[in-house]
Amino acid sequence: MSNNILAITIGAILVNNFVLSKILGICPFLGVSKKLETALGMSGAVIFVMALSSLVMALIDKYVLSQTFVIAGTEIKLRFLEILVFIVVIAALVQLVEIILQKFSQPLYKALGIFLPLITTNCAVLGAAELNVKAGRGVIESTIFGTCSAIGFALALVLFSSLRERLDLAKVPAPFQGTAIALITAGILAMVFMGFSGLV
Amino acid sequence: MSETETTVVQLPDATQLVVSNSPHIRGGETISKIMVQVMIALLPAAIAAVWFFGLAALQVMALCTFGCMAVEVLWKKAAGQPTDSWKDGSAALTGLLLAMNLSAGAPWWICILGSLLAIGLGKQLFGGLGYNPFNPALVARVALLVGFPQLMTSWVAPQPGKWLACDALTGATPLAALKNHCSPASISDLFYGNVGGCLGETSALALLIGGAFLLSRKIIKWQVPASFIGTVALITGLAHHFNPELTPPALYHVLAGGLMIGAFFMATDMVTSPMTANGALIFGCGCGIITSVIRIWGGYPEGVSFSILFMNALTPLIDRYTIGKPFGYIRIKKEAAQ
Amino acid sequence: MSDKPRKFKGGVHPADSKALSASKPVQTAPLLGKYTVIVHQNIGASPEIVVKKGDVVKKGQLIAKAAGFVSVPLHAPTSGTVTAIEKCPGPACVSVPAIEITADGQDDWGLPFEPITDWQNTDPAVLKQRVLDAGIVGMGGAGFPSHVKLSPTKPVDTLILNGAECEPYLTADHRLMLEQTEDVLLGAAILARILGLKTAVIGVEENKPDAISKLNGVAGKYNVTVQELRVNYPQGAEKQLIYALTGREVPIGGLPMDVGCVVQNVASAVAVVEAVIKGQPSIERITTVTGEPLVNPGNWRFRIGTPVSKALELAGGVKYQPAKLLLGGPMMGFAQNSLDVTVMKNTSGILLIPAGQVSQYTSEPCIRCGRCVECCPMDILPATISQAVENERFDWAEQLNVTACIECGSCSYSCPSHRPLNQHFKRAKAEILAAKRKQQKK
Amino acid sequence: MTIILTAVLFATLLGALLALVIGVTAKAFEVETDARVETVTGMLPGVNCGGCGYAGCADFAKAIVEGRTIPSQCPVSTAVNITRIAEYLGITAGEKEKTIAVIRCGGSCAVTVRSPYNGVGDCRSAALVAGGAKGCDFGCIGFASCARACPFDAIEMRDGLAVVHPELCTGCGKCVDTCPKNLIILTPAAVDVHVYCSSPEKGAIKLKVCKTACIACRKCVKAADSETQMTVNGFLVTANYSNPPLPDLVEKAKCPTTALRLASQHAAGAYEGVSK
């Protein structure tokens, strides 16, 4: 069990990093990585949402979607509602985070701007839930996987944003300024993360 | 002065006097001097490479060095900037380091492609010298390794003193041998360099001489190689102690593979490593941990280049959080507390 | 105090080039026909001019009076007539008000002060008043009014005399300590009395062994300790000197008195002796005129208001065109673009630098080598700060403690990329100060 | 059918549940915002030039909505835009005279004395070292700090002198603070005649270092339609912007140093290197 959890942790954070290996969640990765402060805020929000959504989704998966209901004599499996349910739940959770954040940290709320509600469409969140279902993980493992994936996302985001802050001071040739050099940097970073392959 | 003096006293022409901020004199250090000294430090390793791998090694080194310089000049020309930046020696050094990361049997186009990746992708895209967040030579090496895994992991076996014997034998590197459970090389072979591998992975002795030169000239910070090699020794030593089956002793790890060249020449690259002494310590430790983990548990036989690149990415963060307190700062705090 | 030479952390070792003038005894410059005394010679408020065009003045007569506490009076360098009060080239290459006095050749002392020979039994307050009246400032370079330093608002237990003279080329203090050894020590004793202290310590860099041994020979008589200092620039910077001698760190934005110290330059100490014992105001100083292009470098005793062109003539003129003319040393001095600028109370050197030695600034990118971080005596990050300034991010520069910078120039000296680091910091400090003032106005 | 009904029912229930949770939280953590601020921000130019005196357009929009300022304080917006904002908020737009920046120095490299300078290529940095190494202590240093600050590219560097193009200048005033010599002032856009000199020094001293300095000869004062159109201040004459001279004054006055210039002609380079 503990070995399995270690494997999930390292796998999710380093080897199969959501951003740099699975290329999930690129939108916020590029969008909020201009400043370290906002990247840290976004990381916190994503970790919170992903941990919570993985837990909730695992519970829904276990107690609703995997169950067979007998209604009016018909056996019904609600598995086909999987994506619909997941997205609705994610949307609701993100909404909650947004409301709470607006109350407690106006500057962070403003800095994250449109990217906060866009966590809803952060495929990393849905991806974590879907991968959990696919791998047949239990509730605890799913939550750990979700959290660690989010930590992996956060790691990539924070690394990337600190690099971008440095690139801000660099004299990048005009055609490559902005998103272009950001994507190139992300590419090199992804190459670096390939070094971790084979760890689990 | 005597009244009878006849020579006219000449005074400076005030209109030609330059005004500028102090200081008005400067120490002799220049970028090119630093680069040349690093290249001199690489000389023993280069000689060792030629000794063990023959003229093929020389060919690779020449191709990479001149390739990098050519890419630098062509890039600057294409960008419409002054093309004299190759004179600072940084491009040539990058090329030499790239060659040190290639096998003696590397085909010519790998060298040229590597030069393009190193100078183009690794350096000029980010704005040139001083702005690249990653070590250019390592960017090229890792890109080649990922792109051409077969080519980049087939090595020439060392044939000491045989100048023309280049593609006669292929051998495995000591670290790859470990992964494939072959018999490892002897410690003395590792130390003198009688093993397969990249040009710069062979002779630990030659690299140590170069490293000592750099340390004595204060070109590199001792913190980086010390903490890097120390951490690798510690982790692999502990791993060996608890599970001798898992991995060979620490000394083997320290001498084998690219650790020496990585610790003395690649991780110490000024542009991509932290500026403060504490930052350098953290940087070296991080490199050591990742290298050990990849070597012991990872899929790749060697983790030095990945670890340095990873820590390169971490450098801005390290720099940010290792800013020391300036002179006279502590007292302010103490007084404020009182 | 231990006998071992002391030092601070960081610093650089420029070639000292002192041999050009170190062995040249101080000569007294001949009386000139005209002196142009720059009015604002001290840090703080500019003094108020009390003479007008056409006035006849005696040597040593008050020509401008102190305006406020941090300000010092100014005295006529010779007897004669005030022929003009208008702008002349100043030490920062910007025209500043000056008083032109045409000498009558008599060089008549007006003797504004009564000599105090029995200083041991004189009230310290009277002595301090004399220091103020004589217009004595820090003669090492900064020009900070001495009487202000002698009026600490915090308890002081150490008087330090600064004889480090860490700037390359300069030998004025060296010659002074050698030729007027007793005066230096007597000055220390008088200053100690003003501060209510019994002892004083004088710090001298170990590259002046002759001065050190000479000082040691008589130091005991005046209760002064001589402390050798390691040769390391900026050893003569106040905060670094205090640290080397006492191990105390002056807080950022603080003054030496915050750590119980008062630092005075050796030349100021001699000026104090002249003011107290002889009753003479501060109207002359020893200045090193040096540099490779000069025919005959040396040390001269100049009246305040002597034009640089005359000083260069005394040194035999130049053999070839120099690249820069500096007032002060090569590390912290000010580049001049006029030969009409005049010697002031804090002009420790007039220096000509040949083109081969001059530092050419370029804006090559920083290669993050960390040389500047290593040598910074204030332990800040010059490289990062300069990048912040280049991007006009002054808030960031302030976070990085740019305000702690003492502008010693060690970072620019050691930078392999030839970056104008020091100028960046000057700019950052000016911008931060301006922003603060703006905020205060609001 | 059952499947469909169940799915619909389940989704509805789930939706209702989540809606309840969000609703309760939203009520508990309510934060008041004024949606109008965002709309007004959208109507502003968005260049964040700060010409209105606020930190960027969003801040200005907030100030308008809160009634602390009026829309016309924006120097960049067109009159139509300002009216639109005023109509949207139901307030009066107010009126603000259109201004342009004038850099009061004509000392290009050709006509001034300069020392060789080596250092940071930025006016504010250069001013700290030898006052910019220019013979005149009050003239344009010529390192383009104002030109870099201009969000509208209205300032051109010509032969070491910053020149404003009146047709591009919006009068935002962003350049004013960048000049270490305080050469830049905002003047009514309608006035075309300016004295391109700011040095209060005596005429003889000025002429030693600059050929286009104002030497206070008063030719322009005498030639003006009324004496009050030009103000004499020590050794410097300036246009009186509350009673401005007419453009033909430049022609009539025959300024011997060409310090008196028309802004439009100055921008076109008509006086370059000219001195009599």
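## A nonpolar surface patch

Patches are made of residues with over 30% relative accessible area and no salt bridge, and nonpolar side chains are joined into one patch when they lie within 5 Å. In this predicted model, Trp108(B), Trp109(B), Ile112(B) and Leu151(B) form such a nonpolar patch, with an area of about 390 Å².

Helix α4 of chain B, residues 108-121, is the main contributor to the nonpolar patch and supplies three residues. Ile112(B) belongs to this helix. Its relative accessibility is 36%, so Ile112(B) counts as partly exposed; that class lies between buried, under 20%, and exposed, over 50%. An α-helix has 3.6 residues a turn, so residues three or four places apart point the same way.

## Helix α1 of chain B

Helix α1 of chain B covers residues 31-53, which is 23 residues. At 1.5 Å a residue it should span 33 Å, and the C-alpha atoms at its ends are 32 Å apart, so the two values agree.

The helix has a kink of about 35 degrees at Leu43(B), shortly before the proline Pro44(B). Just after α1(B) comes Gly54(B), which has a positive phi of about 80 degrees.

## A sheet in chain C

Chain C contains an open sheet of three strands in the order β3-β5-β6, with antiparallel pairing. Its edge strands are β3 (48-49) and β6 (74-75), each of which pairs on one side only.

Strand β5 of chain C, residues 62-65, pairs with β6(C) in the antiparallel sense over two bridges. Ala64(C) stands opposite Leu74(C), a residue of β6(C).

Technical notes
Residues numbered from 1 in each chain as written. Chains lettered and ligands numbered in written order. Predicted model: local features only at pLDDT ≥ 70, side-chain atom pairs only at ≥ 80, totals over all residues. Heavy atoms only, no water. Helix = DSSP H or I, 4+ residues; strand = E, 2+ residues; numbered from the N terminus. Expected span 1.5 Å × (residues − 1). Bend = angle between axes of the 7 residues up to and from the residue. Patch = residues over 30% accessible without salt bridge, like charges linked within 9 Å, V, L, I, M, F, W, Y side chains within 5 Å. Areas by Shrake-Rupley, 256 points an atom, 1.4 Å probe, with all protein chains shown as cover. Salt bridge = Lys/Arg side-chain N within 4 Å of Asp/Glu carboxyl O. Buried < 20%, exposed > 50% of the residue type's maximum accessible area, 1.4 Å probe, protein only. Pairing = 2+ DSSP bridges.
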